[in-house]
Amino acid sequence: MKPSPSAAVLAGALLGLAAVTGCSAANKHPEPPGATPYAAKQATDPPARNAAGAAPGGCPTAASLPLPKDFPENLPVPDGAVVTSVEHRTGGRLVVATVVRDGFDTTLAFLHKRLPKAGYIPEEGEVEEDDAESNFSSTSVRGRWTLRKMPDCEGGVYLTYLTSAVS
């Protein structure tokens, strides 16, 4: 039996789509979806598009981007955190995405312990199996952190800070 022309076209389209959309772990990015590279937002700093490139397992392998000058000076960031992107948003909001390799529970404990010691009051937080989040505030800063396990980076978690100055 000879296949119909429409079946042959459909099969060819599916094979072509599979070839075009095929992906490997090496193409995965260490920053959360929608993150904007710091270099694209801050023309005065040296270009750093690949500064936090990913290894085949999805973990960052290159040097961290620098924390921006307007990141709150006393806001605790875990040692060894790799800054993968920085985004300046309207209204003076700042989003800093990092990858931490200390594991979910250790990073969560760090946030619960160190933010209050630095003068940040946690508000409206929640913890689930693979992610956690909380608002926080101080006399000069309000913000939110989110923590999410990375599926392709052993012990890796995305830790993202959203901050803005208190008016």
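How many salt bridges does the count come to? In this predicted model, the count comes to 3 salt bridges.

The protein contains 3 helices and 6 strands, which follow one another along the sequence in the pattern α-α-β-β-α-β-β-β-β. The protein has 167 residues, of which 37% count as buried. Among contacts with a separation of 6 or more, 51% are between residues 24 or more positions apart.

The 6 strands form an open sheet with antiparallel pairing, in the order β1-β2-β6-β5-β4-β3. The edges are taken by β1 and β3; each has a single partner strand, so one side of each is left without a neighbour in the sheet. With direction ignored, neighbouring strands of this sheet are turned by 15° against each other on average. The antiparallel strands β2 and β6 are joined by 7 bridges. Thr98 stands opposite Leu159 of β6. In strand β3 lies Glu124, a residue other than glycine with a positive phi, near 55°. The relative accessible area of Glu124 is 69%, above the 50% limit, and the residue is therefore exposed.

Helix α3 lies across β2, β3, β4, β5 and β6, and runs at about 165° to β5. The largest nonpolar core has 23 residues, and the members that touch the most others are Leu111, Trp145 and Leu147. At least two residues of this core come from each of β1 (82-88), β2 (94-100), α3 (104-117), β4 (131-137), β5 (141-149) and β6 (157-165). The greatest contribution is that of α3, with 5 residues. When neighbours within four places in sequence are left aside, Leu111 is in contact with Pro116, Trp145, Leu147, Leu159 and Tyr161. Another core lies apart from this one and has 5 residues, including Cys59, Met150, Cys153 and Tyr158.

Two of the residues named for the other core, Cys59 and Cys153, are also joined by a disulfide, with an S to S distance of 1.9 Å. The disulfide count comes to 1. The torsion about the S-S bond of Cys59 and Cys153 is about 120°, so the disulfide is right-handed. The link connects distant parts of the chain, since Cys59 belongs to the loop between α2 (38-41) and β1 and Cys153 to the loop between β5 and β6, 94 residues apart. Both Cys59 and Cys153 are buried.

The salt bridges are taken in turn. In one of them, the side chains of Glu87 and Arg89 meet at 3.2 Å, N to O. Glu87 has a relative accessible area of 14% and is buried, whereas Arg89, at 36%, is partly exposed. The value for Glu87 falls under the 20% limit, which means that the residue counts as buried.

A salt bridge is also formed by the side chains of Asp130 and Lys149, at 3.4 Å, N to O. Asp130 is in the loop between β3 (121-127) and β4, and Lys149 is in strand β5, so the pair ties together parts 19 residues apart in sequence. Asp130 is partly exposed, with a relative accessible area of 37%, and Lys149 also counts as partly exposed, at 38% relative accessibility.

In the salt bridge between Glu133 and Arg144, the closest N and O atoms are 2.8 Å apart. Glu133 lies in strand β4 and Arg144 in strand β5; the pair therefore ties together parts that are 11 residues apart in sequence. The relative accessible area of Glu133 is 23%, and the residue is partly exposed. Arg144 is partly exposed as well, with a relative accessible area of 25%.

How values were computed. Residues numbered from 1 in each chain as written. Predicted model: local features only at pLDDT ≥ 70, side-chain atom pairs only at ≥ 80, totals over all residues. Heavy atoms only, no water. Core = buried A, V, L, I, M, F, W, Y, C linked by side-chain atoms within 4.5 Å. Buried < 20%, exposed > 50% of the residue type's maximum accessible area, 1.4 Å probe, protein only. Helix = DSSP H or I, 4+ residues; strand = E, 2+ residues; numbered from the N terminus. Contact = heavy atoms within 4.5 Å. Salt bridge = Lys/Arg side-chain N within 4 Å of Asp/Glu carboxyl O. Pairing = 2+ DSSP bridges. Axes fitted to C-alpha atoms, helices over the stretch in contact; angles between N-to-C directions. Disulfide = S-S within 2.5 Å.
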